[in-house]
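User: I am new to this structure and would like to work through it by question and answer. Could you take me through it step by step?

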Amino acid sequence: MEWLAEYAPPSYGALRPGASDDEIAALEAALGARVPEELKALWRLSAGEDGVDGSGLMLGDWALMPFTAVIAVHQMQMGFQDQEMDGEDEDALVLWRPSWIPFCSFNPDDTVYGLYLDGETGEVCRWTRFGQREREYESLPAYLELMAVSLEAPLTAAGPEKPGMRGGALVWGPPSDEERGNQWVHHLGQAPPRHPAKTLGAIREALPGDERTEFEEQRDAVDLADPETVAAFRDHWWERAVQAQEKLEDDVAAALRGNIMAQPGHKLAPEYEATLPPAIRHLPPSLDDIRTALRHESVRARFDRDLMEAIPPHYPALLLRWWDIARLLADPRGDRAVRAVINGRRSAG
C-alpha cells in the first residue's frame, strides 16, 4: 500500500477500502465456503480495485476483484460444475470446487480469466473460460512476496512481467500492443528526486558545476534589503536546481535500462560502467562501509535487524537505502533527523 501511495498514486486511488470482519463473514455465507486467513488478510487491506485504464495492479496485470465479482464468479463456476455433474457421471470433469475462492480477474470488468485460491491446498491457480485450471503459485503469500520483491527490487524481477508506469499508474508489462507499449516506462526502483532545500547553499550544491559561477555572480549582485528580489532570485535558481536533479534521475534510468543490478561491494563491469553518466559511476557500498558510516549503535542495530529480516532479492534496494541514510548522518541536521526516525519520534518543524 505504501509503495503504491508513493510511486503510483492513480493505482493507489483505485483501491477500494479494506473489508471489515462482518463483510468477510457475509461473503463466506454467500459463497458457502470458508475463506483462508491469508486471503482475509489481503482483503482487510483492500476489498478490490476499480482499475486504471483497464489495467490491474496485481502481479501479472491481474485486477483485485470486488466482493460482488467474487460472489458472481464463484456462483457461476459452481453452476457450471453442477451442470457437469448432472446424471452422476463418474467421469465428469472437475470444473470448480466450493473451496476455490476467486480473487483476481483479467480486469475489473472482465472475469472470464483469473486467479483463485484453493482453500484445501493453499495453491494459487488460474482459471480460463475454456475450462483450464493451472497451478500458478505455491501459495498466496508466495505470490504476494514475489510481487513485493518485483516492486522493491525491480532489477531482480524474474519472469516476463516487469513493473512499469503508464500515466503515473502501475502497469505490469511491457504491454503487447504498440500504443500502450510506447507509453509504458519500466520502473527501475528509483525514488522520487530529492529536491534541495530552499537555501542558497543547498541550491548552489545541487546546480551543475558549469552554472555555479553565474549563480554566484547573480547572488552577489542581489539587493539583500529587498525581500521580493531575494525571493525571486532564490525561487528561480531553486527551480533550476530541481530540473538538474530530475535530469540526472532520468539519465540514471535511461543508462541502466533495467539490464544490470549493482552488487554491493563489487565494481560494475566495464561494459556497464561505460554506459553510465560520469556523475553516477561509483563503487556501490559494502556492508562494512555502511555500518562504519552509520556511526551510532542504535542506528546500526536497526540496520542489522533490517538486513536479517530481508530476503536476498531485497538486498540491493535495502543497502542503497541505508547508504543514503548513512550519508545523511554526516550532516548534523540529518543526523538528528535520522536518529529521530529510528527511535520512532517525529521532529518538530
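User: What is the handedness of the crossing in which H3 passes H5?

Analyst: This is a predicted model, and in it the helices H3 and H5 pack with their axes 10 Å apart. The residues that meet are Glu23, Ile24, Leu27, Ala30 and Leu31 in H3 and Phe67, Val70, Ile71, His74 and Gln75 in H5. The crossing in which H3 passes H5 is right-handed.

User: Are H3 and H5 roughly parallel or roughly antiparallel to each other?

Analyst: The angle at which H3 and H5 pack is about 15 degrees. Angles under 35 degrees count as roughly parallel. H3 and H5 are therefore, relative to each other, roughly parallel.

User: Which residues of H3 are buried, and where do they lie around the axis?

Analyst: In helix H3, which spans residues 21-31, the buried residues are Ile24, Leu27, Glu28 and Leu31. They cover an arc of only 100 degrees around the axis, which puts them on the same side of H3. As a general rule, an α-helix has 3.6 residues a turn, so residues three or four places apart point the same way. The names asked for are thus Ile24, Leu27, Glu28 and Leu31, and their place is the same side of H3.

User: Which residues are exposed on the other side of H3?

Analyst: The buried residues of H3 pack against helix H4 (37-45), helix H5 (67-85) and strand E2 (100-107). On the other side of H3, the exposed residues are Asp22 and Ala29.

User: Which residue follows H3, and what is its phi?

Analyst: Most residues other than glycine have a negative phi. The residue that follows H3 is a glycine, and its phi is positive. The residue is glycine 32, with a phi near 70 degrees.

User: In what order do the five strands of the open sheet lie, and which are the edge strands?

Analyst: The five strands form an open sheet with antiparallel pairing, in the order E1-E2-E3-E4-E5. An edge strand pairs on one side only, and this holds for strand E1 (63-64) and strand E5 (133-137). H4 packs on this sheet, touching E1, E2 and strand E3 (110-118), and its direction makes about 45 degrees with that of E2. The edge strands asked for are E1 and E5.

User: How many bridges join E2 to E3?

Analyst: E2 and E3 form a hairpin with two residues between them, and the two strands run antiparallel. Within this pairing, tryptophan 100 has aspartate 118 in E3 as its bridge partner. The number of bridges that join E2 to E3 is six.

User: In E4, which residue is the bridge partner of glycine 114?

Analyst: E3 and E4 run antiparallel and are joined by four bridges. Their hairpin has five residues between the strands, and glycine 122 in it takes a positive phi near 85 degrees. In E4, the bridge partner of glycine 114 is tryptophan 127.

User: Which residue in E5 does arginine 126 stand opposite?

Analyst: Strand E4, residues 124-127, is joined to E5 by four bridges, and the two strands run antiparallel. The residue in E5 opposite arginine 126 is glutamate 134.

User: Are H12 and H13 roughly parallel or roughly antiparallel to each other?

Analyst: The axes of helix H12 (residues 287-294) and helix H13 (residues 297-309) come within 8 Å and cross at roughly 150 degrees. The contact is made by Leu287, Ile290, Arg291, Thr292 and Leu294 of H12 and Val299, Arg300, Phe303, Asp304 and Leu307 of H13. Angles over 145 degrees count as roughly antiparallel. H12 and H13 are therefore, relative to each other, roughly antiparallel.

User: Is the peptide bond from glycine 173 to proline 174 cis or trans?

Analyst: Proline 174 is placed in the loop between strand E7 (169-173) and helix H7 (178-183). Most peptide bonds are trans. The bond from glycine 173 to proline 174, however, has an omega near 5 degrees and is cis.

Definitions and conventions. Residues numbered from 1 in each chain as written. Predicted model: local features only at pLDDT ≥ 70, side-chain atom pairs only at ≥ 80, totals over all residues. Heavy atoms only, no water. Buried < 20%, exposed > 50% of the residue type's maximum accessible area, 1.4 Å probe, protein only. Arc of directions from axis to C-beta. Contact = heavy atoms within 4.5 Å. Pairing = 2+ DSSP bridges. Axes fitted to C-alpha atoms, helices over the stretch in contact; angles between N-to-C directions. Parallel < 35°, antiparallel > 145°, perpendicular 65-115°, else oblique. Left-handed = near helix turned anticlockwise from the far one by under 90°.
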